[in-house]
Amino acid sequence: MKAFIAVEKNEGIDSKIDNRFARASYFMIYDMESDEILSIEENRFKNGAHGVGIETGNYIIKSGCKLVIGATPGPKAESVLRASNIEFYIAENCTAKEAIERYRAKA
Amino acid sequence: MFIAVASGKGGTGKTIVSTSLALVAKKCTYIDLDVEEPNGHILLKPEIEKEVPFNLKIPKIDEHVCTFCGKCADACVYNAISIIPNLKKALFYPDLCHSCGHCTYVCPVNGAMEEVYREIGKIRLGISKDIKFIEGRIDVGVISGVPIISWIVNNYIDFNEINIVDSAPGTSCPVVESVKKSDYIMLVTEPTPFGLSDLKLAVEIVKNMGKKAGIIVNKDRGKNIIDDYAKTVNIPILLKIPYSIEIQESYSKGIPLVEAMPEMKGKFGELIDKIICENGKN
């Protein structure tokens, strides 16, 4: 399963989770089976005026990720993720690595 | 003749000035284009004769016909559409839609998308003594007042008559749309650092648009920071409304300035005659 993780910096698995979800600085795609980072991309929607939550949501749908890890999403991102049945795990004040560990411990 | 009353800063007295101008001009049209919070009616107390709903076109997606290709969502620069192909869902967010029509234009599937109307506000038409009253008003939460402003300017204004437009504060699209077709802009400000700072922004708009303009200083207490600035940008100070408790009291009771202070009536009368004489086409 591929996971979408919204992070603050491009620092690999030790990147901190960004405290803004749809407007996070970087988007990481992580393979939960092979435990590897598939990609880290700069969030090009970050400075959009309106509807960034929907734009990020659409991007996640297209990425094919079934799990999303990040800070509490805004209402628009949340509505897109809910409608698309994508699992959302809220993680704050930790690194991507810690967030994945917490998610697994919970599951 | 189209006189627009604008300001950078809110609360400087645009409505006091524009209603005063309308009351001294007598046979004229007063148009409230501060569509998010129109309140000229409080001072002019018009008799409303007609209320016209204002609609915008929005897309309607038929999920039974849609192939969920996502072309509409990709085309939407306002991110108002979300397509979830695997679940065959199409989400539409009307509050983000700017009614550009791009989505229906790019949709390759016949019958999957059509344009329907969504009411976003109302245009109220009425009369107050000899003044024709027009007001635009958008519903709470509507993303932009520009479409209703542009519709009113293009369909309700008779440019051969005297029109006084009360615009929104600020310096963004609704203000630009309100003053775009004006012959003259009156910028209302107050002699405070806040008034001056925002006046400078409003002057930038005026200069950018190549419009003729003058400044009205409200709550004036003698020589002030606006005087010096006006000289440097070469914009005349048309009128100063004194800082006075009587004006504040009459305003708080909903009495127009020119009715509460007869001496102001003469001053506004001279002002509008001068502006029409120097800038009017008719």
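Helices here are DSSP runs of H or I with at least four residues, and they are numbered from the N terminus. With that in hand, here are the close-ups, all taken from a predicted model.

**View 1. B:N279 sits in helix α11 of chain B, which covers residues 262-279.**

**View 2. Helix α1 of chain B (residues 14-25) packs on α11(B).** This is the helix of View 1 again, now with a partner. The axes of α1(B) and α11(B) are 9 Å apart, and the packing angle is about 80 degrees. Angles from 65 to 115 degrees count as roughly perpendicular, so that's what we call α1(B) and α11(B). On the α1(B) side, the contact is made by B:V17, B:S20, B:L21, B:V24 and B:A25; α11(B) brings in B:K265, B:F268, B:G269, B:L271 and B:I272. Sort the residues of this contact by type and you get 7 nonpolar, 2 polar and 1 charged.

**View 3. B:K26 has a positive phi without being a glycine.** The phi angle of B:K26 comes out at about 55 degrees. To find B:K26, look in the loop that runs between α1 and β2 (28-32) of chain B. How accessible is B:K26? Its relative accessibility is 46%, so B:K26 counts as partly exposed.

**View 4. Helices α7 (residues 193-209) and α8 (residues 225-233) of chain B cross at roughly 20 degrees.** Their axes come within 10 Å. Anything under 35 degrees counts as roughly parallel, so α7(B) and α8(B) get that label. The crossing of α7(B) past α8(B) is right-handed. Which residues make the contact? From α7(B) come B:P193, B:L196, B:L199, B:K200, B:V203 and B:K207, while α8(B) supplies B:I225, B:I226, B:Y229 and B:V233. The tally for this contact is 8 nonpolar, no polar and 2 charged residues.

**View 5. Chain B, seen whole, has 11 helices and 11 strands.** Step back from the close-ups for a moment. Along its principal axes, the C-alpha trace of chain B spans about 70 × 40 × 35 Å. Chain B has 282 residues, and 52% of them count as buried. Its accessible surface comes to about 13500 Å², with carbon and sulfur atoms accounting for 52% of that area. What about contacts that reach along the sequence? Among contacts in chain B between residues at least 6 apart in sequence, 71% link residues at least 24 apart.

**View 6. In chain A, helix α1 (residues 52-63) crosses helix α2 (residues 75-83) at roughly 30 degrees.** The axes of these helices come within 7 Å. That angle is under the 35 degree cut-off, and α1(A) and α2(A) are therefore roughly parallel to each other. The crossing of α1(A) past α2(A) is right-handed. Contacting residues in α1(A) are A:G53, A:I54, A:G57, A:N58, A:I60 and A:I61, and those in α2(A) are A:K76, A:A77, A:V80 and A:L81. By type, the residues of this contact divide into 6 nonpolar, 3 polar and 1 charged.

**View 7. A:D35 is a non-glycine residue with a positive phi.** Its phi is near 55 degrees. Where is A:D35? The spot is the loop of chain A between β2 (26-31) and β3 (36-42). A:D35 has a relative accessibility of 42%, so it counts as partly exposed.

**View 8. A:H50, a chain A residue, is in contact with residues of chain B.** A:H50 lies in the loop between β3 and α1 of chain A. Setting aside neighbours within four places in sequence, the contacts of A:H50 are B:Y78, B:N79, B:L96 and B:I143. A:H50 is partly exposed, its relative accessible area being 41%. For a sense of scale, A:H50 and A:S84 are 34 residues apart in sequence, and their C-alpha atoms are 21 Å apart in space.

Key. Residues are numbered from 1 along each chain as its sequence is written. Chains are lettered from A and ligands numbered from 1 in the order in which they are written. This is a predicted model: local features need pLDDT of at least 70, side-chain atom pairs count only at pLDDT 80 or more; totals for chains, interfaces and linings use all residues. Side-chain values use heavy atoms; hydrogens and water are left out. Axes are lines fitted to C-alpha atoms, for helices over the stretch in contact, and angles run from 0 to 180 degrees between N-to-C directions. Helices (H or I, at least four residues) and strands (E, at least two) are DSSP runs, numbered from the N terminus. Angles under 35 degrees count as roughly parallel, over 145 as roughly antiparallel, 65 to 115 as roughly perpendicular and the rest as oblique. A crossing is left-handed if the near helix is turned anticlockwise from the far one by less than a right angle, and right-handed if clockwise. Contact means heavy atoms within 4.5 Å. Ala, Val, Leu, Ile, Met, Phe, Trp, Tyr, Cys and Pro count as nonpolar, Asp, Glu, Lys and Arg as charged, and the others, Gly among them, as polar. Buried means under 20% relative accessible area, exposed over 50%, partly exposed in between (1.4 Å probe, protein chains only). Accessible areas come from the Shrake-Rupley method with a 1.4 Å probe; for residues, only the protein chains shown count as cover.
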